[in-house]
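Hi! Here is the structure I promised to hand over.

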Amino acid sequence: MSKSMEGVAKALESFETEYVENYKPTWFKAKLKSPDEIVAVAEAMKAEGLRTLSTVSPTDWPEEGIMEMNYFFEDLETKRNCWVKCEIPRDPERCEIDSITPVVPSAEWHEREAYSMFGVRFRNHPDLRYLILSPDYYGKFPFRADFDMAAHEKEQLEHVKEIVRDFKAEQEANDAELDPEGSEMVLNWGPTHPASGPIRLKVRCDGEDILGVDPEIGYVWRALENLVTRKDFVGAIVAVERLCFMDNINSMTGYCMAVEEIAGVEITPFAKWMRTLLGEIARISSHMMGTGNFYNTMGLHTIMLWNLDVREYFLDVLESYSGARIATAAIEPGGVRYPLDMKLMDELQRALDKFDATIGDIETVFAKNPTMRHRARKIGKISAQEAIDWGLSGPVLRASGVRSDVRLDEPYAAYDQVEMDYVTVPGGTAADRFQTIFEELKQSVKIIKQAKKRIEEGVASGEFDPSKDHMVKVPKKLPAGEAVSRVEWARGEVLMHLVTKEKAKSPYRLKMRAPSFNHTMVLDRLLRGKTLSDIPLVFGSMYVCQGDLDR
Amino acid sequence: MIKILDFFDYARSESLWMAHFCTGCCSLEMAAAMGPRYDWERYGYMPTPTPRQADVLMITGLVSKKILPALLRTYAQMPEPKYVMALGACSYDGGPYNDSLSVIKNPTEILPADVFVAGCPPKPEAIIEGLETIKQKIKNKEPSAASQGGLWKEMEF
Amino acid sequence: MLGTFIDAFVFPGLLYALVWTVGLFWFFRKFMAPLHKRVGPYFNGPHGSYQTLFDLSKLWTKESITPKGVNSYLFSIMPLLAVVIGLLPAAVVPWTPSGPALSSQYSLLILVVLIGIEPFLFFLTGFGSENKYSFLGGIRVLTQAISFETAFFLAALAPALFFGSLDLSVIVEKSSWGSFLILLPAFAIYFVALLGLLEQPPFNIPDAEQEVVYGFLTEYSGTNYFLLNLSKFVEFMAVFAGAGALYMGAYKGIFFDGYTWFFLKMVAVAVVMITIRAATPRITLNQMLAFSWRWLVPISLINLAWVLLARALFFS
């Protein structure tokens, strides 16, 4: 690894900054004096190797009259990250900044989101339209501190009418634009579609050939980032875990790490191991659905059902621990929510036995299926360079051969003591993505076995007290602060940017960067020129969950 | 003659097909209900790919403003007699998203549901129990709730 | 007179087709379930055997929606036509040793042509539905039918060439273990073409849920959907019966001859079909076209040469 953290510092030197500090071993934090330099900074970062923008997160400060922009640059290969801040006026007329999308393509949708939610206008953005929002919010910027939600919510049915009008106008515009004698048409792939879930891909196609795809998202937009600001720090986990139910533990872990950082609390080793254990169980339950869904898109439901069979046993463990199969709310700032009853380990062993007994069959029948490989090897190819430029993460990134995994790059919980390696598959096609997810299933089981052994040993030797160690006290009121935490979620990197005010009882701002956002962003690039048969397969292989897509 | 009609009513109650439409997280537990452990096909439930062949529309959890027109359109496309089942806390009053700015707080005032299934998300057993309740409703010859009222009748979608 | 009536409405006519539909639908679901590690229909009747009866009765009595803007004549007549065309082949199949309901020298020809017409009716249903997905599904049915019917006809021609007759009764009478072995390659081709014609995985492209919703069936509901479903299952019956009569000696069996043997042979074909369905993902339209024209059709031509050679060698 020739490139070091000093290189990042050097790249920042040539700009006028208020401060540059070592925020974490792998993070630099800098504040620019002038927002006009942001494009130059992005270029410098790109030249240094930090080619991916994780997300853009504006923070609204109405008293000071400023909108604070946070840019999170990442180098996915060499574990170097940089957090760049700058300030722009919050007055809607002057709330402008240069877009960095022409330099860093992965910023495209993140800037659109910042525009939709906060009204930050990005100059030179190639396609600055509203994203996620329903038409009744157009031009209202709901995440601004002075947005009057109560007044807006009074006329709910009026809003629905507006949405319907907008939809009908769009369909009419399509009809007017397309030649009635021609074979071109616009298909609405979703939300009422057997394979889509709540997302609408506006597919422009000529017969079976795709000319372009424009994803319309926001059908499960719950405004979680706004919702948490009205809950206390513990209550917020309910919203955070609903990022996507398939893997809820790891998103809670990310949020709790950010809270603990601001509170200055260190959790016990036992709680760290529990977070690892539960996190991997949730990852398995998500990957089981992911691999099943991949085959569902090709009309074969058998693997999904076989996977569900195994998944139930892992959900049993979560249920025994927390009382809920899916909405566990099991991770809390300060540790894990419940003390551990060691009988849970027997249940876990049952799940592991079931997994070991079934995984061989699944591998022979499905993972090595020649028809699937024949079909999926040819489509959805993403090279390593493209994957990095587009800011993909998780199994999708590793399927392109990039060695990147937050669990190893920036260890959290007890992952620094776990024996594991990057699961990478070269190739970057849909089949390789399936392969990666499948291999990660086995990896997760290995991690669970290690965690289980460590906890059992620790409890036996009296090092851990499962009835007390699960939690350390976190104050109800937190000091003013700002923290960034990253976790490897089942679908990829989740970045939590938490801002608190002095003596705050609830988060002032929480930005959740979720992987499906970038994965959906690239669908158009992957599907253009392919046929209709490829839409579900590519969509399924990108491992998208609409929950974390819309948040 | 009455006996024959009774047979068809009975057949209708014993064969409920679901429209495949997910608006929220509860569809995850719906998948589990289809799975090997709970296997709702034992009772004759089956998902269909298009609303045209469905008998039951499931509101799977939250209904956002953006998806509501699609939900109503799906309901309108279903053939009579049709029933609505609301899953989870969200479809009752918004649940955990009660004060969220994009979620409809009273989806069942707009599209009244015949059965509510409690939980967040409801367990698969509860979903099956809810469907059994609809069966009983059909056997008792009760009219579906959405045909009796609801704001959807006045709405354009 | 009474005989004709029984032929048309009881066996092998309408009632037989209905019973067959209910039974096969149940068998598909019940046999598929253990492959999925499930139980399948269970609570209605012994092993859920009333379930599909209820399902189909329900469809029959539900509202039939005719969407706005469709050609209502085309939309409503096609399902009926599909059932009628689907029922006809049963008349020429020699179900029992006493021969078919309608004997003809050209019964094989009647069988394959009537089976071959069915996809075109499905195309028209999709075409008349005024729905983008139905239309795409209709086009897919047509593409697939054209690709597979060539191989299907050529495979069905093999027994006719071998036995020198287009009469199914003659083919069945002359068939033996020897002819079964010689016609085995033709049977394999017939089976692959059957998967394509009946839209079964890996060739379930026309009604691929995840791609084109439900293909040509997307807009159909109630009675019309019931009729289309019926016609599909009746088509299954005709194609399975074709396989049984052409290659497996129809009603001929060990110890005794009779319909039971024919039935078991058709079920055997269904079992293989469902097992393939439970373990094979769908391929794309392009792959299907390439497979059909590059491999299946040339192989079926070679197979004809083999059949003629075998006949000259062993049976002249």
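In chain A, 21 residues of domain 1 are in contact with 23 residues of domain 3; contact here says that the C-beta atoms of two residues, placed from the backbone, lie within 7 Å. Before going on, a word on the model: it is predicted, so local features need pLDDT of at least 70 and side-chain atom pairs count only at pLDDT 80 or more, while totals for chains, interfaces and linings use all residues. Residues are numbered from 1 along each chain as its sequence is written, and chains are lettered from A and ligands numbered from 1 in the order in which they are written.

Back to the domains. The assignment for chain A gives domain 1 (5–146), domain 2 (148–172) and domain 3 (224–550), with bounds that come from an automatic or database domain assignment. Taken over C-alpha atoms, the centres of domain 1 and domain 3 of chain A are separated by 26 Å.

Which elements give two or more residues to the side of domain 1 of chain A that touches domain 3 of chain A? They are strand 3, strand 4 and helix 3 of chain A. Helices (H or I, at least four residues) and strands (E, at least two) are DSSP runs, numbered from the N terminus. Strand 3 of chain A gives the largest share of that side, with six residues. Sorted by class, that side of domain 1 of chain A has nine nonpolar, eight polar and four charged residues. For the classes, Ala, Val, Leu, Ile, Met, Phe, Trp, Tyr, Cys and Pro count as nonpolar, Asp, Glu, Lys and Arg as charged, and the others, Gly among them, as polar.

Two strands pair if DSSP finds at least two bridges between them. Axes are lines fitted to C-alpha atoms, for helices over the stretch in contact, and angles run from 0 to 180 degrees between N-to-C directions.

Strand 3 and strand 4 (residues 66–75) of chain A pair in the antiparallel sense over nine bridges. Look for A:D60, whose bridge partner in strand 4 of chain A is A:M67.

**A hairpin and another sheet**

Strand 9 (residues 200–206) and strand 10 (residues 209–216) of chain A run antiparallel and are joined by seven bridges. A:K202 stands opposite A:D214 in strand 10 of chain A. This hairpin has two residues between the strands, and A:G207 takes a positive phi near 65 degrees in it.

Further along there is an open sheet of three strands, ordered 13-14-15 (chain A), with antiparallel pairing. Its edge strands are strand 13 (481–489) and strand 15 (509–513) of chain A. Five bridges join strand 14 (residues 492–500) of chain A to strand 15 of chain A, and A:M496 stands opposite A:M512 in strand 15 of chain A. Helix 8 (residues 249–263) of chain A lies across strand 13 and strand 14 of chain A, running at about 155 degrees to strand 13 of chain A.

**Chain A meets chain B**

This contact takes 40 residues from chain A and 39 residues from chain B. Several helices of chain A supply at least two residues each, including helix 5 (156–177) and helix 10 (302–322) of chain A. Helix 5 of chain A has the largest share of the chain A side, eight residues. By class, the side of chain A that touches chain B has 23 nonpolar, eight polar and nine charged residues.
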